[in-house]
Amino acid sequence: MDKIINRSDLDSSRFWSPEVRRLQPYQPGEQPKHQKFIKLNTNENPYPPSPLVSIAVQQVLGTNAEILRLYPDPDAKDLREIIALQQDLNADEVFIGNGSDEVLAFIFKAFFLHPNRPILYPDISYSFYPVYCQFYGLNSIEIPVNKNFEISPTDYHQENCGIIIANPNAPTGIALSLSQIESILISNRNSVVVIDEAYVDFGAESATKLIHRYDNLVVCQTTSKSRSLAGLRVGFAMAQAHLIAALDRVKNSFNSFPIDSLAIAAAYASFKDQSYFEKMCQHIMDEREKLCNSMEQIGFSILPSKANFIFASHEEHDAAQLAAKLKQHSILVRHFNKPRINNFLRISIGSYEENLILIKILKDLV
């Protein structure tokens, strides 16, 4: 009789490739499923998307449900066109992907694979950048931000195979000016420079107006933050047509239908309602200012933010302990246990009511 093998005695990862064994995946913020929390840890928008989004989705599910048995438009042509119209671009200068993280993955594949030269990005920035470098086996150099957590453009005047910078930066919220971005572009004419603008709609200036002047610029944005569509996963890149063509080649070698019909309809409706979008962004910027003022009054130091979050520290209180105590009060914020920033909390801007509760609890804690 054959011996019964207890699978728990075997190496559970014995079928994994060596590359997968070495991967250190990105760690997303906590997403609780049961207990009710005030979620200020993942930079989600506290306000709902445009009412036109619900109407568009209902039309697809209702009167036009037949569309769901068909593949979606592989190029999301209508969505490309409305984004291009708003940004004063041509449709072939816009690329649509399944969330900006997928767009970034395609960007790394299309522009950064080089056997010798490194990719450059800040040492304190979006933590998916080193994950993609590891995934693709890229050489990289993390450029230290200065003592004020600012990116210094002159640090990027060195040999590289590409540059990626989040602007505003995450998790600091600090933004570069267009002239600073332009100096990086000018000094790196033979490399693609990617400006990741996930948070640009909350007070920073977009680099899209530089696209027609620089053939090495790619601007990446998302509908997850400012348009309240994080659950639908729609991101996009903008660049001159020759760069977008490279992204299309990567997409069509990986997944020709990345955006489903519901997501296309919802995102299109959101871009149709620009006045609602601008109103909600202003609400968040106003709440950010109020929250900063209230937290500074109780001893917090806050970096200047142009994002829908703030990066705050208190010299008399440990950030990790504060995060744990806030969780006990059903408030989630983000703590990064990393050098230089391990005494900071990244706090998403909530609604007026959520921010009032946060301040009340913080007053009790500090």
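A175 sits in the loop that links β5 (162–166) to α6 (178–186); helices here are DSSP runs of H or I with at least four residues, strands are E runs of at least two, and both are numbered from the N terminus. The model is a predicted one, with local features needing pLDDT of at least 70 and side-chain atom pairs counting only at pLDDT 80 or more, while totals for chains, interfaces and linings use all residues. Residues are numbered from 1 along each chain as its sequence is written, and side-chain values use heavy atoms, leaving out hydrogens and water.

With 28% relative accessibility, A175 comes out as partly exposed (buried is under 20% relative accessible area, exposed is over 50%, partly exposed is in between, using a 1.4 Å probe and protein chains only). Neighbours within four places in sequence aside, A175 is in contact with N167, P168, A204 and K306, contact being heavy atoms within 4.5 Å.

On to the sheet. It is open, has 7 strands in the order β2-β8-β7-β6-β5-β3-β4, and its pairing is mixed; two strands pair if DSSP finds at least two bridges between them. At the edges are β2 (94–97) and β4 (140–143), each pairing on one side only. β5 runs parallel to β6 (residues 193–196) over 4 bridges, and I163 stands opposite V193 in β6. α6 packs on this sheet and touches β5, β6 and β7 (217–222), with its direction at about 155 degrees to that of β6 (axes are lines fitted to C-alpha atoms, for helices over the stretch in contact, and angles run from 0 to 180 degrees between N-to-C directions).

β7 is largely enclosed by the rest of the structure, because 6 of its 6 residues are buried. L217, V219 and Q221 point one way from the strand, and V218, C220 and T222 point the other way. β6 and β7 are parallel and joined by 4 bridges, with I195 opposite V219. Pairing between β7 and β8 (residues 235–239) is antiparallel instead, over 5 bridges, and here V218 faces A239.

Then there are the cores. A nonpolar core is a set of buried Ala, Val, Leu, Ile, Met, Phe, Trp, Tyr and Cys residues joined through side-chain atoms within 4.5 Å. The largest has 52 residues, and L79, I83, I96 and L217 have the most contacts inside it. Helix α8 (residues 261–272) gives the most to this core, with 7 residues. A second, separate core of 37 residues includes A170, M285, L322 and I361.
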